[in-house]
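Dear colleague,

Please find below the structure that I am handing over to you.

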Amino acid sequence: MAQKLAATARTGRDNQRYGVQGERLVAGVVPLCSDKTKVLLIQSTRRGGWVLPKGGWETDEGTAQEAACREAWEEAGIVCTVLKDLGTIPEMRAPQELTPKAPKAAYQFYEVRVDREAAEWPEKDKRGRQWMSYQQAKQTLLTRPELLEALNRSSISK
């Protein structure tokens with residue numbers, strides 16, 4: 001089934017899924033170029049810096065994979081193909097780093113191949129995107145251990 005490409009990004013958490021321990025269920029992608037030498041990172045709107053595309057898995061989405069591909073489109077403007085399930089990554093932030101806007105989460109990541117980068121996408125005015133080597137991305141994601149773990153689980157050339 002073809003991915004639906006919305007013109008606007010979803011906002012809010014009214015339809016957010018939560019796990020059995022009250023954690024927010026987050027789906028994301030590790031977007032690799034075709035030869036797996038680079039990963040596409042996006043600018044974070046809250047913290048500054050660079051992150052992997054990710055966001056809430058919502059109640060109208062049948063799978064976390066569907067949510068991850070929607071987030072890839074909304075945040076990074078990419079159409080992608082899932083290559084590998086990277087598994088669930090538990091919350092790694094210290095309790096004092098958790099806030100009502102950034103609550104405890106469980107992350108489900110997928111390695112994806114970027115099939116197309118659109119010139120226009122829902123969050124283009126909020127986020128830049130940049131291809132990085134493993135070493136560049138590793139340095140950039142040091143303060144986000146859950147994202148670094150997803151990158152390390154991927155088959156990017158190290």
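**Arg127 and its surroundings**

Please note at the outset that this is a predicted model. Arg127 has a relative accessibility of 10% and therefore counts as buried, the limit being under 20%. The side chain of Arg127 forms a salt bridge with that of Glu75, with an N to O distance of 3.4 Å. This pair connects distant parts of the chain: Arg127 belongs to the loop between strand 6 (105–117) and strand 7 (129–132), while Glu75 belongs to helix 1 (residues 64–76), and 52 residues separate the two. Glu75 is likewise classed as buried, at 7% relative accessibility.

Arg127 also meets Glu123 in a salt bridge, here with an N to O distance of 2.5 Å. Glu123 is buried, its relative accessible area being 7%.

**Other salt bridges**

A salt bridge of 3.4 Å, N to O, joins the side chains of Glu117 and Arg129. Because Glu117 lies in strand 6 and Arg129 in strand 7, this pair ties together parts that are twelve residues apart in sequence. Glu117 is partly exposed, with a relative accessible area of 37%, and Arg129 is also partly exposed, at 23% relative accessibility.

A search of the whole structure gives eleven salt bridges.

**The chain as a whole**

The chain contains three helices and seven strands. Read from the N terminus, the order of these elements is β-β-β-β-α-β-β-β-α-α.

As to overall dimensions, the C-alpha trace spans about 40 × 35 × 30 Å along its principal axes. The radius of gyration is 14 Å, which agrees with the value near 15 Å that a compact globule of 158 residues would have. Of the 158 residues in the chain, 46% are buried.

Contacts were also examined by their separation in sequence. Among those between residues at least 6 apart, 70% join residues at least 24 apart.

The chain exposes about 8200 Å², of which carbon and sulfur atoms supply 49%.

Yours sincerely

Methods:
Residues are numbered from 1 along each chain as its sequence is written. This is a predicted model: local features need pLDDT of at least 70, side-chain atom pairs count only at pLDDT 80 or more; totals for chains, interfaces and linings use all residues. Side-chain values use heavy atoms; hydrogens and water are left out. A salt bridge is a side-chain nitrogen of Lys or Arg within 4 Å of a carboxyl oxygen of Asp or Glu. Helices (H or I, at least four residues) and strands (E, at least two) are DSSP runs, numbered from the N terminus. Buried means under 20% relative accessible area, exposed over 50%, partly exposed in between (1.4 Å probe, protein chains only). The radius of gyration is taken over C-alpha atoms; the globule rule is 2.2 Å times the number of residues to the power 0.38. Contact means heavy atoms within 4.5 Å. Accessible areas come from the Shrake-Rupley method with a 1.4 Å probe; for residues, only the protein chains shown count as cover.
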